[in-house]
Amino acid sequence: MGCVRAHNEDACFTCVGDDISLGIVCDGMGGANAGEVASQLAIDSFAQTLLHSLSEPTGGDECPPEEQLRYALERANQAVYCYGWEHPECRGMGTTLVAALVLGTSAYILNVGDSRAYALRNCGIRQITQDHSLVAELLRAGRITPEQARNHPRKNIITRALGTERQVTGDLFVHRLQSGEQLLLCSDGLTNELTDGEIFELVHLGGPIEDGCQRLLNAALLCGAHDNVTAVLMNLQDDAER
């Protein structure tokens, strides 16, 4: 959702089972409606590939979750890239992707672009992923301050996206979850409007997990929501909700 964009180029997916939970957020980009196409293609391909791989392991040694995530990313990238070349009106489209696969007390998190994953505990909030963007690179190099980064005129330029090239590499993180911890996956439409501290406060006002997620979306809308806003909030032992 958002207040300015005519089209919603974000897409999300959640799947909760007894032993496996999966959340995905994508933020598409491209001319006309191509961003919508890219994000949905990426979601569909990534989720289908990963869930199939997890449910039907091949013989021999079991494939590590990290490799399954990388393979799902490869297939999703191929799906978006090939569709763009087969449909000239969509050529050059792409999408960010952030995914969290929770197995027991381990969260395997993969990201491409500037959609983020956060860990939230009673003591605070921590960004797990690192943005693949021009502004993030300037910030990491010490050439700009965090305050300058929030209002930088080129903050929308990402340096890595799914589907724009034949191959893409994602960053993968293994996060050990603690009881009561939550994971937040979100597009930059949320983080452009709210600080990390504001996100933490809104999530921890209490109530069901879906209430915390809705408060985030409502707050971003009140700030103007200049981009589409998508958030997936996951509890260690509870359902994942959009």
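Q: Is E67 buried, partly exposed or exposed, and how is such a label assigned?
A: A residue is called buried under 20% relative accessible area, exposed over 50%, and partly exposed in between, using a 1.4 Å probe and protein chains only. In this predicted model, E67 has a relative accessible area of 40% and is partly exposed. R70 is likewise partly exposed, with a relative accessible area of 40%.

Q: What joins the side chains of R70 and E67?
A: A salt bridge is a side-chain nitrogen of Lys or Arg within 4 Å of a carboxyl oxygen of Asp or Glu. R70 and E67 form such a pair, at 3.1 Å from N to O. The two residues stand three apart in helix α2 (residues 65-86), so about one helical turn separates them. Helices (H or I, at least four residues) and strands (E, at least two) are DSSP runs, numbered from the N terminus.

Q: How many salt bridges does the structure hold?
A: There are four salt bridges. One of them pairs R116 with D131, at 2.8 Å from N to O. This pair links distant parts of the chain, 15 residues apart: R116 lies in strand β6 (residues 116-121), and D131 in the loop between β7 (124-127) and α3 (134-140). Both R116 and D131 are buried.

Q: Which residue meets R121 in a salt bridge?
A: R121 pairs with E181, at 3.0 Å from N to O. R121 belongs to strand β6, whereas E181 sits in the loop between β8 (171-176) and β9 (182-186), 60 residues apart. R121 is partly exposed at 27% relative accessibility, while E181 is buried at 1%.

Q: Which residues touch the most other members of the largest nonpolar core?
A: A nonpolar core is a set of buried Ala, Val, Leu, Ile, Met, Phe, Trp, Tyr and Cys residues joined through side-chain atoms within 4.5 Å. The largest one has 27 residues, and I24, F46 and L50 touch the most other members. Helix α1 gives the largest share, eight residues.

Q: Which residues are in contact with L50, leaving aside its neighbours within four places in sequence?
A: Contact means heavy atoms within 4.5 Å. By that criterion L50 is in contact with L22, Q68, L69, A72 and L101, its neighbours within four places in sequence being left aside.

Technical notes
Residues are numbered from 1 along each chain as its sequence is written. This is a predicted model: local features need pLDDT of at least 70, side-chain atom pairs count only at pLDDT 80 or more; totals for chains, interfaces and linings use all residues. Side-chain values use heavy atoms; hydrogens and water are left out.
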